[in-house]
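Hello,

I am passing on a structure that you have not seen before. Please have a look at it first, and then read my notes below.

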Amino acid sequence: MKLHSLTLGAVETNAYLLIHEHRAVLVDAPEGAATAVDALLEEEGATLEALLLTHGHWDHIVDAAALARRGLRVYGHPGDQPFFEHPEVMRSFLPLPLSLEPIDVTHWVHDADRFLEMGLRFEVRLVDGHAPGNVLYHLPSEGIAFSGDSLFRRGVGRTDLPGSRPEALVESIRKRIYTLPAGTVVYPGHGPATTVGEEKAENPFVPAA
Ligand SMILES: [Zn+2]
Ligand SMILES: [Zn+2]
């Protein structure tokens, strides 16, 4: 499997394009993702089949509706359904005037769900606290996971937003991220990648219990 990291948009949001045997999956859709991904797909001779949304905050979904219209399978957690279906509620947080379109999530996922994309098994873990429906997508066969805005390298997501629950974030990171194999590489919604073991040892906000 091949992984392309893209950092896009006004608040440097990460999107990840995964390619396996000419089939592709995109994790999150910040502003500019549709164009950036098209160039990579063409280069790789791959077809985009699914969009995995870690959560519904505006910076992760600006290009999601346009991508979804291509008939992709779109995954998201119902905790963030209000953001997916009524993104205008986030308008006051936009640093720029962007148009936000409602997104048709076709595959609602819950904690502990599993699904297949590109012939590979993905496992879902709910890591709420930053957003009610922030999920981590774990690819056990590759030893990688996508954490959205829950856990960052030496950091955690903001918990001062509508729907945030500061007390839930630390607990869900301990229960649902720190329990992954220590060597799992974590690709976050902002900033560089890290590993579960490194964060357990070094993360100042979430010491291992
Ligand atoms: Zn967020
Ligand atoms: Zn974000």
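Here is what turned up when I went through it.

Please keep in mind that this is a predicted model.

Let me begin with the core. The largest nonpolar core has 54 residues, and the members that touch the most others are Leu26, Ala29, Leu51 and Tyr137. Strand E2, residues 13–20, gives the most to this core, with 5 residues. As a general point, nonpolar side chains tend to be buried together in soluble globular proteins.

Setting aside neighbours within four places in sequence, alanine 29 is in contact with Ala15, Leu51, His60, Ile61, Val62, Asp63, Ala64 and Leu67.

Next, the sheet. Six strands form an open sheet with mixed pairing, in the order E7-E8-E9-E10-E13-E14. Strands E7 (114–117) and E14 (194–195) stand at the edges with a single partner strand each, so one side of each has no neighbour in the sheet. At the E14 end, strand E13 (residues 185–188) pairs with E14 in the antiparallel sense over 2 bridges; valine 185 has threonine 195 in E14 as its bridge partner.

Finally, take a look at methionine 118, in the loop between E7 and strand E8 (120–126). Is methionine 118 buried or partly exposed? It counts as partly exposed, because it has 18 C-beta neighbours inside 10 Å, and being buried takes 20 or more. Not counting residues up to four places away in sequence, methionine 118 touches Leu18, His20, Glu21, Arg23 and Val25. From aspartate 63, methionine 118 is 55 residues away in sequence and 22 Å away in space, C-alpha to C-alpha.

Best wishes

Key. Residues are numbered from 1 along each chain as its sequence is written. Chains are lettered from A and ligands numbered from 1 in the order in which they are written. This is a predicted model: local features need pLDDT of at least 70, side-chain atom pairs count only at pLDDT 80 or more; totals for chains, interfaces and linings use all residues. A nonpolar core is a set of buried Ala, Val, Leu, Ile, Met, Phe, Trp, Tyr and Cys residues joined through C-beta atoms within 7 Å. A residue is buried if 20 or more other C-beta atoms lie within 10 Å of its own, exposed if 12 or fewer, and partly exposed in between; C-beta atoms are placed from the backbone. Helices (H or I, at least four residues) and strands (E, at least two) are DSSP runs, numbered from the N terminus. Two residues are in contact if their C-beta atoms, placed from the backbone, lie within 7 Å. Two strands pair if DSSP finds at least two bridges between them.
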